[in-house]
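Subject: Structure handover

Hi,

Here is the structure we talked about. My notes follow below it.

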Amino acid sequence: MGVPISVTVNGQHRESEVDSRTLLVQFIREELRLTGTHVGCDTSSCGACTIIMDGKAVKSCTVLAASANGSDITTIEGLAQNGELHPLQEGFKEEHGLQCGFCTPGMIMTAVQLLEDNPQPSEAEIRHGLEGNYCRCTGYHNIVKAIYHASRKYKEVSHG
Amino acid sequence: MDTKKIKLPHGIPGHNLGQIEREVPADEPPAWPVNDELKHVGKRVKRTDAEAKVTGAAKFTSDIQLPGMLYGRMLRSDYPHAKIRSIDMSAAEKHPGVYAVHIFKNVVGMAQPADDDAAGEYPDIKFAGQPIAGVAALTTEIAEEALDLIKVDYEYLPFVVDLEEAQKPEAPLVFTTNVEQDDAGGGGGGDTGLKTVGNVRGPSTSSFYGGPRGDLEKGFEEADTILEQTYRTQVQTHCSLETHGVVVDWKPDNVTIYASTQNTKNVRDEFAEVFDLPKSQVRVIQEYMGGGFGAKHSLGNFGVMAGYLAKKSGRPIKLMLDRREEHISSGNRPNSIHYLKIGARKDGKLTAIQQRSYGTAGVGLGAGVGRIAQIMYESPNFSTEQYDVFTHAGPGAAWRAPGNVQGCYGLEQAMDELAEKLNLDPIALRDVTDTSEIRKVERHRGAETFKWSRRKLPASDPGLIKKGLGMAQSHWPRIVHIDSTAEVRAFRDGAVEIRSAVQDIGTGTKTVLSQVVAEELGLKPEDITVRIGDTLFPDGPPSGGSIVTGSITPPARNAAYKLKLQLFDQVASKLETDASKLAVDDGQIMSTEDPSKKIAFKEALKEMRTGQISATASRSDDYGGFMVGNAIAYGGLGSVQFAEVSVDTETGFVKVEKIVAVHSCGRPINITQIENQINGGVIQGLGYALYEDRVMDNETGHQMNSNFDQYKMPLSLEIPDIEILIVEDYSGRSSTDAYGIGEPANIATAAAVANAVYNAIGTRIFEIPITPEKVLRALNKV
């Protein structure tokens, strides 16, 4: 049974018909072919599927595509603007905030909201903000550094 | 073979650095000086693949989508032990949207009867989660609906999933004959030819370091002190963020397999064997993979199933495991009950070590405790007996220093206990018993950084929250994979590429290769395109056993060196000099005698007679020869880790406050990547020490926590401060003298934490994970 949905993804308007059981992450990956959003578990634990939906970081494995109707979504592919990496992407690159890279898009999207809510977080606040994201490779240290790096850059930008 | 003599750096800078002269094949490149004198090697070079990974452009196996692709799913047994009388696939096959079905005739990745005469039509079920059949359908959901329609008629049999229960005479048997396992997948497997009695196979008594030595009885007689203790470790599951899986694209004369694998070559070879294809017609691609840690060396049952479904349906098949399947079927670090008896003289010299262990890799082999007790300390008398115990549970698999992590947990606590018995500082005891020069330097540099001298007597911290300090050390052999080849190509348009089938498991192999080639060619790492993870290129080593860097960087350098000589030949006459007088630096080719005679590297490429030139090199034998066979090189990779913990004696909660990790990996190539890997290894060790535990239900034979919800891994909040010291250790054994760090990073952490917990509370906890309950029990508070 198809459910019509209309969403904006990375600034592009998309209309589709989805199965009522289709998860948002499946819609993003399989229909829109935006495979940067990953699936690491099926219990909302790992955070690899995190996207920004109407300004909030959400785990897209826990949202039905049908219930995303009308929403504005940003995935990892929509973060860089005009070929310029987002400060968080720059931070993860500069600080080696990754190894295998599978958790990276989810980490970055989680951090987008983290810095949105708290542009100058302390290390403890960054660590707290990442509580819903697993990384099995890096031990998190360079991920924390990467987010801190980006927060300094935000500061530079906002102080012009 | 023509040879020449070269002088290579030898020793530890700041300690005993010198030179060693070695006779090497004449076509080997000249020796590199120490890292201080190099431009790109040993530096904090940015990852070449970072941009692809931060933008979502990196394609993992699970991201591959091909036209007409179907989704495969497998039916798994819910019962841990059964015979299958019949399987009815007819309803599944007719289900709309299903394109192919297949029933397994045998399953791989587990021990197999040595004499396979009793095999029935279907393989016997030996663990809950064993795959039985599979379907391919338009979507995963349709495939799962079809699985529900498969009718299996089981004859249920009694089962056992507990390590100790399985050893009892009345325990249900997992195997009724002797078994072997060929495909233990990269290091987890046990010795061949051992007998099985009941569910117990073994003992394994020897390793590549040899067999038992000396006379135990005499050794214990000569001891002033004898320590006897038993240590227990749990089953830990790998939890790679990307599950195992493949996409199989079966074309008439070429099968392409996209695989989340740490061993492209092995997946190709296994697929070719199963489907009786020439290896040259099977191509395996791994551009990016989401972790492996040792469990992803093989094609696996999922890969075999995807192959059959692709062959039958004529369409590409994607088959990725889900998280539950990953926990129950794709590997784990086996548990252990590890008995140690160690004799020592008053001065700390060891007189005898006796080791016996029992562990279960479920239906697989490889539950030993490794070789650390055999090799790390000087003891003239030594014996080990390591037994595999079969249970009706998913097979173990290699994982970062297989066996040795379990073994180190026991041995290094025993050494801590022994030090206390002998009234010696744990470091002083090791200075007496451990002859490794690198570990000696690491112990003392680490102790200074960690401020080991502030360590107090056990349980002497007043108050409810007690601090404790502990240390532990480890050994990992330098393993070299000779069948490792790299090709370097240069193109007239200025591009320089390195190609090899070696894969990047995520640690940064691509970046390391770009550094090595750039160093040799006088270019920058970003000038080098790294094309790896594809079996169309020359075979590379598996990403396991900390093998990759030591195996593929020397051929990478040598191929670049050969290519450079070809280019010199082509430009020498133009520069009016002899090719032997040319050198590279900073993007230029110039005469060593007259620096005005020069040409930019890229300009030289434009002048080439052909559109591209290419040079290939394979891993040379180690300079000076191998210690064992052609794989184990002289001198282990030593590491020492220090842990500071605080233990809440009211709640039993252990918090690791700080780790100082001191490591060596020969010539370090990328400092930041090494640090990142050590951080990760320490944190896997911390999860092992405190949290992670596969919980089996004895009543149903199922894993109770086969998810990320209840299987507890460390999160960002639980991470201690980690300070890393990397000690350069030159041994002059190859053209790069570099080695890996994956295994060493992970070995000593749990023992260091356990020793620190003992120092905090004065009571030793002999079993990990060290949960609050175990701490309170140890303190007699529950």
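The largest nonpolar core has 182 residues. Within that core, Ile108(A), Val517(B), Val753(B), Ala754(B) and Val757(B) touch the most other members. Keep in mind that this is a predicted model.

Take Ala754(B). Leaving out residues up to four places away in sequence, Ala754(B) touches Tyr409(B), Gln413(B), Gly470(B), Ala689(B), Ile765(B), Ile768(B) and Ile770(B). Another core, of 78 residues, lies apart from the largest one. Its members include Ile64(B), Tyr308(B) and Phe390(B).

Ile108(A) also turns up in a helix pair. It sits in α3(A), where Thr104(A), Ile108(A), Ala111(A) and Val112(A) meet Leu88(A), Gln89(A) and Phe92(A) of α2(A). By class, that contact has five nonpolar, two polar and no charged residues. The axes of α2 (residues 87-94) and α3 (residues 104-117) of chain A come within 10 Å and cross at roughly 130°. The two helices are therefore oblique to each other. Their crossing is right-handed.

Now the backbone. Ile768(B), one of the contacts of Ala754(B), is joined to Pro769(B) by a cis peptide bond, with omega about 0°. Pro769(B) lies in the loop between α17 and α18 of chain B. A cis bond also joins Gly202(B) and Pro203(B), with omega about 10°. Pro203(B) is in strand β11 of chain B.

Glu576(B) is in the loop between α13 and β24 of chain B. It counts as exposed, because it has 9 C-beta neighbours inside 10 Å. Asp586(B) is in the loop between β24 and β25 of chain B. Asp586(B) is exposed too, with 11 other C-beta atoms within 10 Å.

Best wishes

Technical notes: Residues numbered from 1 in each chain as written. Chains lettered and ligands numbered in written order. Predicted model: local features only at pLDDT ≥ 70, side-chain atom pairs only at ≥ 80, totals over all residues. Core = buried A, V, L, I, M, F, W, Y, C linked by C-beta atoms within 7 Å. Buried ≥ 20, exposed ≤ 12 C-beta atoms within 10 Å, placed from the backbone. Contact = placed C-beta atoms within 7 Å. Axes fitted to C-alpha atoms, helices over the stretch in contact; angles between N-to-C directions. Helix = DSSP H or I, 4+ residues; strand = E, 2+ residues; numbered from the N terminus. Parallel < 35°, antiparallel > 145°, perpendicular 65-115°, else oblique. Left-handed = near helix turned anticlockwise from the far one by under 90°. Nonpolar A, V, L, I, M, F, W, Y, C, P; charged D, E, K, R; others polar.
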